[in-house]
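This briefing is meant to be read with the sequence and the structure side by side.

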Amino acid sequence: MGTSNKGNDGSSAASNNDSTVEEEGGQDTAKAGDSSSSVRPYVRSKNPRLRWTPELHHCFVRAVERLGGQDRATPKLVLQFMNVRGLSIGHVKSHLQMYRSKKIDDFGQGMSTNS
């Protein structure tokens, strides 16, 4: 299926994008996007998806606490403190952002129930 699409679009696809699957969606959204340029095409991350196991999350939480809490911890320092092979700064940035928002939500819910 992928080779037949390249045969039909070969010259235009090769000059526009190097990807194969995302390319088709990108071309369709680009055509539709000409009239409304508010939607940008999806770009897949280079990093593979990471499963945050309870052990890995516990290591993350310990690193955040050692750095003075979620507000003072930076992704780069958390990554250095964790010292886990294969873990990228992008993984830590995303997890720290989720961790901060979840803590704010937990704190906000606790405040509303006590009030």
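Rings of Phe, Tyr and Trp, the last taken by its six-membered ring, are paired here if their centres lie within 6.5 Å, and a pair counts as edge-to-face if the planes are over 60 degrees apart. With that rule, ring pairs join Trp-52, Phe-60 and Tyr-99 into a cluster. The model is a predicted one, and the points below should be read with that in mind.

**Overall fold**

- The chain contains five helices and zero strands, and its pattern along the sequence reads α-α-α-α-α.
- Of the 115 residues in the chain, 21% are buried.
- Among the contacts in the chain with a separation of 6 or more, 42% are made by residues 24 or more positions apart.

**The aromatic cluster**

- By the ring rule, the count comes to two aromatic pairs. In one of them, the rings of Trp-52 and Phe-60 have centres 5.7 Å apart and planes at 75°, so this pair is edge-to-face.
- Trp-52 and Phe-60 are both buried. Phe-60 also pairs with Tyr-99, again edge-to-face, with 5.4 Å from centre to centre and 85° between the planes.
- Because Phe-60 belongs to helix 3 (residues 54-66) and Tyr-99 to helix 5 (residues 89-114), their pair ties together parts that are 39 residues apart in sequence.
- Phe-60 and Tyr-99 are both buried.

**His-95 and its contacts**

- His-95 has its place in helix 5, and with a relative accessible area of 7%, which is under the 20% limit, this residue counts as buried.
- Leaving aside residues up to four places away in sequence, His-95 touches Trp-52, His-57 and Phe-60; of these, Trp-52 and Phe-60 also belong to the aromatic cluster.

- In helix 4 (residues 75-82), the buried residues are Pro-75, Val-78 and Met-82. These three cover an arc of only 60° around the axis, and therefore lie on the same side of helix 4.
- Lys-76 and Gln-80 are exposed residues carried on the face of helix 4 that is turned away from its buried side.
- Helix 4 is followed by Asn-83, which is found in the loop between helix 4 and helix 5.
- The phi of Asn-83 is near 50°, which is a positive value in a residue other than glycine. As a general point, most residues other than glycine have a negative phi.
- Asn-83 has a relative accessible area of 69%, and because the limit for an exposed residue is over 50%, Asn-83 counts as exposed.

**The largest pocket**

- Rolling a probe the size of a water molecule over the atoms shows where empty space is left.
- In this model, the largest pocket holds about 390 Å³ of space.
- Its lining is made up of 15 residues, and those nearest the centre of the pocket are Pro-48, Arg-49, Leu-50, His-91 and Ser-94.
- By residue type, the lining of the largest pocket divides into six nonpolar, six polar and three charged residues.

Definitions and conventions:
Residues numbered from 1 in each chain as written. Predicted model: local features only at pLDDT ≥ 70, side-chain atom pairs only at ≥ 80, totals over all residues. Heavy atoms only, no water. Phe/Tyr/Trp six-rings, centres within 6.5 Å; stacked < 30°, edge-to-face > 60°. Buried < 20%, exposed > 50% of the residue type's maximum accessible area, 1.4 Å probe, protein only. Helix = DSSP H or I, 4+ residues; strand = E, 2+ residues; numbered from the N terminus. Arc of directions from axis to C-beta. 1 Å grid on protein atoms, 1.4 Å probe; cavity = no way out; pocket = protein on both sides within 12 Å on 5 of 7 lines; lining within 4 Å. Points joined across faces, edges and corners; volume = space filled by probe spheres on them. Nonpolar A, V, L, I, M, F, W, Y, C, P; charged D, E, K, R; others polar. Contact = heavy atoms within 4.5 Å.
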